[in-house]
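Subject: Structure handover

Hello,

Here is the structure for your files. My notes follow below it.

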Amino acid sequence: MFTKNFFYFLGILLVIWGVASFSFLLIHIIPGNPVDQILGDMASAVEKQKLYYQLGLNKSLFNQYLDFFKNLLSGNLGYSLYSKASVVSYLKNSLPATIELSFAAMFMAILFSIPLGVFSALKKYSFFDNSLSTFSLFTLSTPGFLLGPFLIWLFALKFQIFPAGERGELINLFLPALSLALPLGAVLTRVCRSSLIDTLSEDYIRTAKAKGLSNFKIYFKHALKNAIGPVITTIGLQFSALLTGTVITETIFDWPGIGKLLLDAIKQRDYPIVQGCVLVIALIYVLINLLTDFAHKYSQANQK
Amino acid sequence: MTTKVKFFLFFSILLLLLLSIVAIFAPWIASHDPNAINLNLQYVSPNSLHWFGTDNNGSDIFSKVVWGARLSLGISISVVVISATVGLLLGSIAGVIGGKTDYIIMRTTDIVYAFPNFLFALSLIAFLGPSFKNLLFALCFSSWASYARLVRLEILSIKEKDFINNAKALGANSIRILFFHIWPSLINPVLVYMTCSIAGVSIAEAGLNFLGLGVSLDTPSWGSLLNQGRSSLSLAPHISLFPGLAILILVLAFNLLGEGLREYLDPKQKHSI
């Protein structure tokens, strides 16, 4: 047991180390000289020399690597090349917007997908169930960068009901959250449906029916409680997928979150910010997956 | 085969065949040069000369969409084939040899697998610069790990089966067992996974091009055309409409193919999406 847990945690540390090393190495995979790439041909030699030292490129690769980890452990992710503000302050400013957006999307998705999933499982192969599964297949095939412009066109330009993004009032949250929530909800509806159908075919449901329990009690007390496990696991896994989805959605809706920060930094070649964003998004992703894994293991241990 | 599976397979193969024909014969099907700029013909609505209208540079959208099919199909198929091959080889080495080799390969795989695929590809291209080669590399690099994991797990369970022990007892060496006994039983799960993940690859490809982090800008792609149309959604929605429909059709066809093939080849796996 101990060795198993030990290797499990060693594996996690290894993954975190790998993620951090990847974000360090990014600046070194730039073809040619990174300084020339960032400043362009017009820059003077003095400017180039300054940036060269600022990025720490004068040191050996190994020493740069050590410095990177030293800074990382003390919570320093470097400084923006243009504004000179620290990357951490940028991240602090934009992370709340992303968290707000992803929670709103998740909330919306859960709100409509679980009732729909339950309903179509209870009315298996009915007209409603079939049309819902067709609709969810369509939704799954509509990536965010397609859905986003479509929602803007429909709700913000054609019918002018909702504003197209830009953080502020609560109503501004609606369209970006919806464009993330639709494909997410499609996945959740399907998982909820198939998990409930599986549970309803179990023996103890038959026993409960034979005991003469009301349908309501069977469905909501016995079946749903046991069917919810896979749904929760999927919510966890999709939450991390949501994070990468926000990169595109935030760009489309001009939402000042970490995804937009990342893309703006890429456009400006502000590489320290890009590295910081990549590192933070990847770490949050890894941590959420880890928590989901824990929750899954815990619920399985409880069931035994 | 149920009617549903039959319908899924028939419909998806029909759509993919159609798209492949468009992709292969793009130079003959396209009516104009996709990169020709004509500032007298900006934002023309669809008409008999320009079937899908023109964009903000006056380029013909129909020709761009036709050429874009080549890129989308080509990238999606090659990424899935390359990453499946890499994953198959590494997963086989890990699963068959076991021990330290297994540990090293699988921990490397874990690191890549733990990274969010899209972010991985995006950051690679952000630093390498957008080009066809880099796009292909970035997408392959971010998707081989799931194949390696799948193959290794399958091999671990196949290795315990009786027919492998029988082959061993008859004196077959591990190379022979791998080629003639293990790989044939891996075909179904790997094929199912390939078709299920190809939709995700084409979404990632179009998404990266949408963000301007895919191929270089003079190569016509659905994603970049969609992004171009975003600024003139009320003036000329047709710029976004047609590449959008093309992406939707391609992804839908891949999803239907994946779903149909999974239920046909591997009916036991109900849960995976």
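**Chain A against chain B**

One salt bridge is counted between chain A and chain B. The term means a side-chain nitrogen of Lys or Arg within 4 Å of a carboxyl oxygen of Asp or Glu. The partners are the side chains of A:R190 and B:E259, at 2.8 Å, N to O.

A word on the basis. This is a predicted model, where local features need pLDDT of at least 70 and side-chain atom pairs count only at pLDDT 80 or more, while totals for chains, interfaces and linings use all residues. Residues are numbered from 1 along each chain as its sequence is written, chains are lettered from A and ligands numbered from 1 in the order in which they are written, and side-chain values use heavy atoms, with hydrogens and water left out.

Back to the interface. Its size is often given as the accessible area lost when the parts come together. Here about 3800 Å² is buried between chain A and chain B. That is the accessible area (1.4 Å probe) lost by two parts on being put together, summed over both. Carbon and sulfur atoms give 81% of it. In chain A, the residues that lose the most area to chain B are A:F22, A:S141 and A:F145, together 15% of what that side buries. By contact (heavy atoms within 4.5 Å), 47 residues of chain A meet 39 residues of chain B.

**The cavity**

How many cavities of 30 Å³ or more are there? The count is one. A cavity is a set of points on a 1 Å grid over the protein atoms alone where a 1.4 Å probe fits but cannot get out; lining residues have an atom within 4 Å of a point. Points are joined across faces, edges and corners, and the volume is the space filled by probe spheres set on them.

The largest cavity has a volume of about 30 Å³. Its lining is A:V118, A:L122, A:L196, A:Y219, A:F220 and A:L224. By class, that lining has six nonpolar residues, no polar and no charged. α10(A) gives the largest share, three residues. Helices here are DSSP runs (H or I, at least four residues), numbered from the N terminus.

**Two positive phi values**

A:Y125 has phi near 60°, positive in a residue other than glycine. A:Y125 sits in the loop between α5 and α6 (127–140) of chain A. A:D254, also not glycine, has a positive phi near 55°. Its loop runs between α10 and α11 (258–268) of chain A.

Best wishes

Notes. 1 Å grid on protein atoms, 1.4 Å probe; cavity = no way out; pocket = protein on both sides within 12 Å on 5 of 7 lines; lining within 4 Å. Nonpolar A, V, L, I, M, F, W, Y, C, P; charged D, E, K, R; others polar.
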